[in-house]
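Hello,

I am passing on the structure we talked about. Please open it alongside this note, which goes through what turned up.

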Amino acid sequence: MRGIIELTQVNKVYHGAVDSQVLFDINLSFEAGTCNAIMGVSGSGKTTLLNIMGTLDFPNRGDVLIDGKLVNNMTKNQLARLRNETIGFVFQFHHLLPEFTALENVLMPHLINRWRPSREVIRRADELFDMLEIAEVKHSLATKMSGGQQQRTAIARALINNPKIILTDEPTGNLDSGTTDKICQGFREINRRYGTTFIVVTHNHLVAKHTDRIVEMRDGRIISDTKSDV
Amino acid sequence: MLAFKIAVRFLTHGRTQSILILVGIAIAISIQIFVGLLIDSLQRTIVDRTIGNSPHITISSSTDVSTIRRWQQIVYEVEHTKQVKALSPSATGNAFVEKENSNLPVLVRGFPFSAANQIYNISNAIYDGKEYSSRREVLIGRELREELELDVGDKIVLSIPRGGTVTLTVSGFYDLGVASINKAWLFTYLETAQELFDFGDRVTSIEMTVEDVFQADTIAGQLKQQLDNNDIVIENWKDQNPELLSGLEGQRISSAIIQIVIIASVVIAIASVLAISVLQKSPEIGILKAMGINDFNASLIFLYEGFLLGLVGSLAGLVLGIGLLYIFVFFTTNPDGTTLIDLYLDYSFIVRSWLIALTASTMAGVIPARKSLKLNPIDVIREG
């Protein structure tokens, strides 16, 4: 079965005073509707791999297929549209726009290619706010929310366009264990309800144990790929 | 639409910064508008007071004979020239007014009153008595009146150079605001002057004003071609006042330089504020790009910011600049209470200035917009 993300012989070298190769011949495929973790110590290449899967970075060699489309030769605008429609991002730092309310932030990916939000998308936003238990801060500015609320708003934002893939990089890096657990349960709930594929980069075993599969990396190579027993 | 909404929110959220730059733009544009309109008003006042009540183009004889032949034909042709506003034939000659033991030299100027009035605005200049209404009546200037100690209804005796004297009755007194004219010119009927100087039915000049005084030389050139008459010479005020013109031109250039410097400073101020804004907002721009906003729309945010700052700032500047001008005109008066300069609001200049300010402000957004194009979401996300 073809994966929703397929990486073939992906290599990445950062050129500088001294060239540094961070990914070596990565072959990896993720099935649609699964929840996956990529683990590894700092500098193992996991974030670079995630950025390449998110079309924010590009391999020097190798092919990247997202939802069946080869992204290697896409233009910047085509990549922007692909990201907007197919991929949602959740980063360690929420990166909410402080000038906008939680609801406006959540609707933003939808409004990138549209004039105004449809009723359906507003209903979806409400549903996400309820599911992530942040309905009470819907009309608050991002700066008036707690760290957990901000991160959950960022998750709702990543989901608003109903993307097939959610890529997250240390989504709970700044949160306490209680909030971390809540967010992980939120991921699972979304995964179950919408069939969204999750790829979570983390070094936190508590997060990884919520996933179906753990890919472990070291020095730019995959050293293990195991199914977990969630 | 999203780019516009984000631009508005960026500006309203960083309110202090936006207000400061808006005040800066408004002050700069107000000075630009103030200087531009002031210089324009000043120039128009100077021109108006210098040539406003005098002919802009004069046709006279180029031959040894001072009078013009077939002048009616010339008047007919000139009357049908579009740009000519008012036109009057004139019979003018030198004479002397007798005063006790001496004679004062004067210039007798014969005009059809209504025609001459459109050029010299004599009706408004009459401060005592009335216009001439019979062939033996004459209007006298303020300085000459004082010299001769005359009143309305008094008689003056004119000595004509070819011999003989004529007695005329004073119908009134004028003040054209120019002492040399007030002292020397006598206004009377055209026919009276023709008779005094033995011109027959001829005239010595045809005088006219035109709609746009600065086009006087061009119109004079057109008339020369149109009339194609070697017996006449056509002169215009611009050729007769080169010093005035060069003074006006100097003013115009200095005003233009001041305005250009102001606009340049507005552009630099907006560009630098927006360039800082790109740095401040790079996390937001980075995440928007990660979410799928394309480079063009991301850069539009900064163009809209420049446009909005320019729009609000320049409108405030316009109001402030015009207000300043009114205050200036109100508080700067001559000793007699009249305004030092006449206020002219050149609407085309105002609209033009506003459009330039708006375009320049929007263009000031181009530098930060280009900067935002280069923003890579990964760098932003990595830095947090």
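**Ile219 of chain B and beyond**

Start with Ile219(B), which sits in helix α9 of chain B, residues 216-227. Keep in mind that this is a predicted model.

Is Ile219(B) buried or exposed? Ile219(B) has 23 other C-beta atoms within 10 Å. The cut-off for a buried residue is 20 or more, so Ile219(B) counts as buried.

What does Ile219(B) touch, once its neighbours within four places in sequence are left aside? The contacts are Ile57(B), Gln83(B) and Val210(B). Take Gln83(B). In sequence, Ile219(B) and Gln83(B) are 136 residues apart. In space, their C-alpha atoms are 7.5 Å apart.

**Leu65 of chain A**

Now move to chain A. Leu65(A) belongs to strand β4, residues 61-66. Around Leu65(A) there are 17 other C-beta atoms within 10 Å. Buried needs 20 or more, and exposed needs 12 or fewer. Leu65(A) is therefore partly exposed.

Leu65(A) is in contact with Glu6(A) and Leu70(A), if residues up to four places away in sequence are not counted. Glu120(A) is 55 residues from Leu65(A) along the chain. The C-alpha atoms of that pair are separated by 30 Å.

**The sheet in chain A**

Strand β4 of chain A is part of an open sheet of four strands. The order is β2-β1-β4-β5, and the pairing is antiparallel.

Which strands stand at the edges? They are β2 (20-30) and β5 (69-70) of chain A. Each has a single partner strand, so one side of each has no neighbour in the sheet.

Look next at β1 of chain A, residues 5-14. Seven bridges join β1(A) to β2(A), and the two run antiparallel. One residue pair to find there: Ile5(A) stands opposite Phe30(A) in β2(A).

**Where the chains meet**

Finally, the two chains together. On chain B, 18 residues are in contact with 22 residues of chain A. Three elements of chain B give two or more residues to this side: α1 (2-13), α12 (282-291) and α16 (377-383). Which gives the most? That is α12(B), with five residues.

By class, the side of chain B that touches chain A has 11 nonpolar residues. Four polar and three charged residues are there too.

Best wishes

Note on methods
Residues are numbered from 1 along each chain as its sequence is written. Chains are lettered from A and ligands numbered from 1 in the order in which they are written. This is a predicted model: local features need pLDDT of at least 70, side-chain atom pairs count only at pLDDT 80 or more; totals for chains, interfaces and linings use all residues. Two residues are in contact if their C-beta atoms, placed from the backbone, lie within 7 Å. Ala, Val, Leu, Ile, Met, Phe, Trp, Tyr, Cys and Pro count as nonpolar, Asp, Glu, Lys and Arg as charged, and the others, Gly among them, as polar. Two strands pair if DSSP finds at least two bridges between them.
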